[in-house]
Amino acid sequence: MSACRIEQPTPAPNGAVQQTETGGSAKGDFGPPVGEPVEAILTSPPHVPPPTGRSHPAKVIVTLDVIEKEMPISEGVTYTFWTFGGTVPGSFIRVRQGDTVEFHLRNMPDSKMPHNIDLHGVTGPGGGAASSFTAPGHVSRFSFKALNAGLFVYHCATAPVGMHIANGMYGLILVEPPEGMPKVDREFYVMQGDFYTSGKYREKGHQNFDMEKAIDEHPTYVLFNGMEGALTGDKALTAKTGEKVRLYVGNGGPNLVSSFHVIGEIFDKVWYEGGTRFQENVQTTLIPSGGAAMMEFHMEVPGSYVLVDHSIFRAFNKGALAILKAEGKENKSIYSGKEVDAMYLGDQAAGTNRAPVAAAAAAHAAGTLTKDEQIAAGKVLFAGTCSTCHQPDGKGMEGVFPPLAASSFIKANPKRVPEIITHGLVGPVTVNGKDYNSNMPPMSQLTDDEVANIATYVLNSWGNPGGQVSKAEAAAARAAKPANASAGH
Ligand SMILES: [Cu+2]
């Protein structure tokens, strides 16, 4: 096998494109394993195992543990995940085309469910599923020869399959071409998944799987690496300017297709669908459920680059957002502008401390929530939700967004604040002697806790009359028929 297999089709002299072929699985058997068996190095996301560095086929032993465990899915929200290797996505597996993989699947004794594994890189019925059905406390073993090079998804295929995948049972296996992957400075492992919880997005406390929502394909969360914020703040991916970065991106689904995009970067190369050929100069690449892609880019300008599913409500309202932070010298000849700021990232911006939100949720659960805790949480939430329009200091924007600071409107009827948050406000209003006739969209995505905390913060800030809004009052405001805009006067 020569290195030319990953080169692009080159135009033939007559101008027609000549397709070079790798020969697929028929050419992927390089004979029996050579030398002693090797233990595969498995890594947790976002890490990728080192290249195999081998030039001969080997017997590779993979031992993967199935662990059912409770982990955070968002700040102050927990979920019982079913995992391959204790993480979502599961451990990254890296082998070389022609390797014989001896797979050991161990289901931990404290598991409640049987599980198995279907690797899309396996040639054979079920991709390993039938041979790997494993009851709690048991181990199963099967072998396969990795005949096709590429980046492949693996997942649990135990009934109900959708539920096992929705609970986080997927990961990636890279089958390197014989000559290995081209050298880069950094490799990262990112995998998208959609999640279905009984409560709303960011509803605090433990959340159960919601089968109805899953069947309807209405996810509560769409996430990279299994948790909102798994790759933001101090857990952001990092690189330096001048470096070449490769992402191995999978989509576990179970339902959604990903429009994968990095804000502020252009993919120099995309090995679309995780296959052998690459496309160049790509903005957004489609990653099907149960599919994967590799992409490469060169870091020129320092700053934060935002990985999103460009089906953009998923990024800003369901969690599908990660950060790659590049450090290095400014390069004003390439980009003169400023860093992506809180306007774009909201409460995902580096330095935003969401701890007060979790603290308030915990206090609410314990029945000890104080007004000060609500104000502290409300301040964080205000910054992520309201400050874009009303400004961080509540002063609004002349003629466009009315002030919340020392607002005559709020003073006239403080009780309307939670109602305005959940239902929005349309039509003429007069605030502090100035007229506005605009449209505030409903912030119905917020949970009742969040509405209560924001309202309490607004009422106790910037010279407003004070007071406290409870979760029950927020729920009542949501349920109430919205009054018309001028009712406060
Ligand atoms: Cu399973």
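**Copper site, voids and backbone exceptions**

C156 is buried (under 20% relative accessible area, with exposed meaning over 50% and partly exposed in between, for a 1.4 Å probe and protein chains only), because its relative accessible area is 0%. This residue is one of the protein donors of a copper ion. The model is predicted: local features need pLDDT of at least 70 and side-chain atom pairs count only at pLDDT 80 or more, whereas totals for chains, interfaces and linings use all residues. Residues are numbered from 1 along each chain as its sequence is written, and side-chain values use heavy atoms, with hydrogens and water left out.

**Copper site**

- The copper ion takes its protein donors from H115 (ND1), C156 (SG), H164 (ND1) and M169 (SD), at 2.0 to 2.4 Å; donors are N, O and S atoms within 2.8 Å of the metal (3.2 Å for Na, K and Ca), and since water is not among the atoms, sites may look incomplete.
- Along the sequence, the donor residues follow the spacing H-x40-C-x7-H-x4-M.
- H115 sits in the loop between strand 5 (100-107) and strand 6 (118-119), and C156 in the loop between strand 8 (150-155) and helix 1 (161-166), so the pair ties together parts that are 41 residues apart in sequence.
- Helices (H or I, at least four residues) and strands (E, at least two) are DSSP runs, numbered from the N terminus.
- The angles among the four donor atoms run from 89 to 136°, and the site is irregular.
- Four donors count as tetrahedral if all angles lie between 85 and 135 degrees; four count as square planar and six as octahedral if opposite donors are over 155 degrees apart and all others between 65 and 115; anything else is irregular.
- H115 is buried, with 0% relative accessible area.
- M113 also belongs to the loop between strand 5 and strand 6, and this residue is partly exposed at 31% relative accessibility.
- M113 and T134 are separated by 21 residues in sequence and by 8.9 Å in space, C-alpha to C-alpha.

**Pocket and cavities**

- The second largest pocket holds about 470 Å³ of space, and 21 residues line it, with G264, V301, P302, Y305 and Y335 nearest its centre.
- On a 1 Å grid over the protein atoms alone, a cavity is a set of points where a 1.4 Å probe fits but cannot get out, a pocket is an open set with protein on both sides within 12 Å along at least five of seven lines, and lining residues have an atom within 4 Å of a point.
- Strand 20 (residues 303-309) gives the largest share of this pocket's lining, three residues.
- The pocket lining comprises nine nonpolar, five polar and seven charged residues, where Ala, Val, Leu, Ile, Met, Phe, Trp, Tyr, Cys and Pro count as nonpolar, Asp, Glu, Lys and Arg as charged, and the others, Gly among them, as polar.
- Two cavities of 30 Å³ or more are counted; grid points are joined across faces, edges and corners, and a volume is the space filled by probe spheres set on the points.
- The second largest cavity has about 60 Å³ of space.
- Its lining is made up of K204, V357, A360, A361, L369, L381, D449, E450 and N453.
- Helix 5 (355-366) and helix 10 each contribute at least two residues to that lining.
- The lining of the second largest cavity has five nonpolar, one polar and three charged residues.

**Backbone exceptions**

- Most residues other than glycine have a negative phi, and most peptide bonds are trans.
- The P45 to P46 peptide bond is cis, with omega near 5°, and P46 lies in the loop between strand 1 (38-39) and strand 2 (59-74).
- A159 and P160 are joined by a cis peptide bond with omega about -10°; P160 is in the loop between strand 8 and helix 1.
- N281, in strand 17 (residues 279-282), has a positive phi near 60° and is exposed at 59% relative accessible area.
- W462 has a positive phi near 55° and lies in the loop between helix 10 (448-459) and helix 11 (471-479).
- W462 is partly exposed, with a relative accessible area of 25%.

**Cysteines**

- The count of disulfides (pairs of cysteine sulfur atoms within 2.5 Å) is zero.
- The sulfur of C386 has its closest cysteine sulfur in C389, 8.8 Å away, which is too far for a bond.
- C386 is buried at 14% relative accessible area, while C389 is partly exposed at 31% relative accessibility.
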